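I opened a new notebook page for this structure.

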Amino acid sequence: MARHAGALYLLIAVFGAFSIGYVPSQITVPGNALATIEQLRGNSALFSAGVLADMLVIAAEIALTALFYFLLRPVSQARALVAAMARYAMVLVMAVRSRAGIVAFVWCQPMDGRSGPPVVK
C-alpha cells in the first residue's frame, strides 16, 4: 500500500504542477483582465487539459486519503479517521476551486455572436 501511496503522490505532483503552475502561467496576463480573457479563449484546449489534470489530482487525493486511512488505522483508528476527514475537506475545497475556474471559463465564452463577456446593464 505504501508504494501505491508513493505513486499517487508522484501523480499529484506532476499533474498538480501542470494544472496549478504551467496552465495559469500561459493564460494569465498580470494586471490585464481583458487580455487574460482573450488568452483563455485562445488557449481553450490548454485550459481543458488543466481542468482534466485537476480532476486527476482530485481523484488521486481521494484514493490517497483512503490508502492513508488503511495504513494508519492500526496505529490509531480515531486519529486516522480525523486525518481522513481533514484530507477529504481539502479535496472538497479543491473541487470547488476547480468548479469556479470552469464557470469562469464558460462565462468568458462569446454568446450570441458577441465577443466578450456578458455585460450587465
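The entries below go from the whole chain down to single residues.

**Entry 1: the model and its layout**

I note that this is a predicted model. I looked up the secondary structure and found 4 helices and 0 strands. Along the sequence the pattern reads α-α-α-α. I then checked burial: of the 121 residues in the protein, 27% are buried. I also looked at how far apart in sequence the contacting residues are. Of the contacts between residues at least 6 apart in sequence, 67% join residues at least 24 apart.

**Entry 2: helices α1 and α3**

How do the axes of α1 and α3 cross? I took helix α1 as residues 2-27 and helix α3 as residues 44-72. Their axes come within 8 Å and cross at roughly 155°. An angle over 145 degrees counts as roughly antiparallel, so α1 is roughly antiparallel to α3. I recorded the crossing of α1 and α3 as left-handed. The residues of this contact divide into 24 nonpolar, 5 polar and 2 charged.

Setting aside neighbours within four places in sequence, I found Leu46 in contact with Phe18, Tyr22, Val23, Gln26 and Ile27. I also looked up the spacing of Leu46 and Ser19: they are 27 residues apart in sequence, and their C-alpha atoms are 9.4 Å apart.

**Entry 3: salt bridges**

How many salt bridges does the structure hold? I counted 3 salt bridges and went through them in turn.

I began with Glu38 and Arg41, whose side chains meet in a salt bridge at 2.9 Å, N to O. Both residues lie in helix α2, which covers residues 33-42. Glu38 and Arg41 are 3 residues apart, about one turn of the helix. I checked accessibility for each partner. Glu38 has 47% relative accessibility and counts as partly exposed. Arg41 counts as buried because its relative accessibility is 17%, and buried means under 20%.

I went on to Arg97 and Asp54, which form a salt bridge with the closest N and O atoms 3.3 Å apart. Arg97 lies in helix α4 and Asp54 in helix α3, so the pair ties together parts that are 43 residues apart in sequence. Is Asp54 buried or exposed? I found 8% relative accessibility for Asp54, so this residue counts as buried. Arg97 is partly exposed, with a relative accessible area of 41%.

I ended with Glu61 and Arg87, where the side chains meet in a salt bridge at 2.3 Å, N to O. Glu61 is in helix α3 and Arg87 in helix α4, so this pair ties together parts that are 26 residues apart in sequence. I noted that both Glu61 and Arg87 are buried.

**Entry 4: Ser98**

I then turned to Ser98, a residue of helix α4, which runs over residues 77-107. Which residues is Ser98 in contact with, leaving aside its neighbours within four places in sequence? I found Asp54, Met55 and Ile58. Asp54 was already in my notes as the salt-bridge partner of Arg97. Ser98 has 6% relative accessibility, so I put Ser98 down as buried.

Notes. Residues numbered from 1 in each chain as written. Predicted model: local features only at pLDDT ≥ 70, side-chain atom pairs only at ≥ 80, totals over all residues. Heavy atoms only, no water. Axes fitted to C-alpha atoms, helices over the stretch in contact; angles between N-to-C directions. Helix = DSSP H or I, 4+ residues; strand = E, 2+ residues; numbered from the N terminus. Parallel < 35°, antiparallel > 145°, perpendicular 65-115°, else oblique. Left-handed = near helix turned anticlockwise from the far one by under 90°. Nonpolar A, V, L, I, M, F, W, Y, C, P; charged D, E, K, R; others polar. Buried < 20%, exposed > 50% of the residue type's maximum accessible area, 1.4 Å probe, protein only. Contact = heavy atoms within 4.5 Å. Salt bridge = Lys/Arg side-chain N within 4 Å of Asp/Glu carboxyl O.
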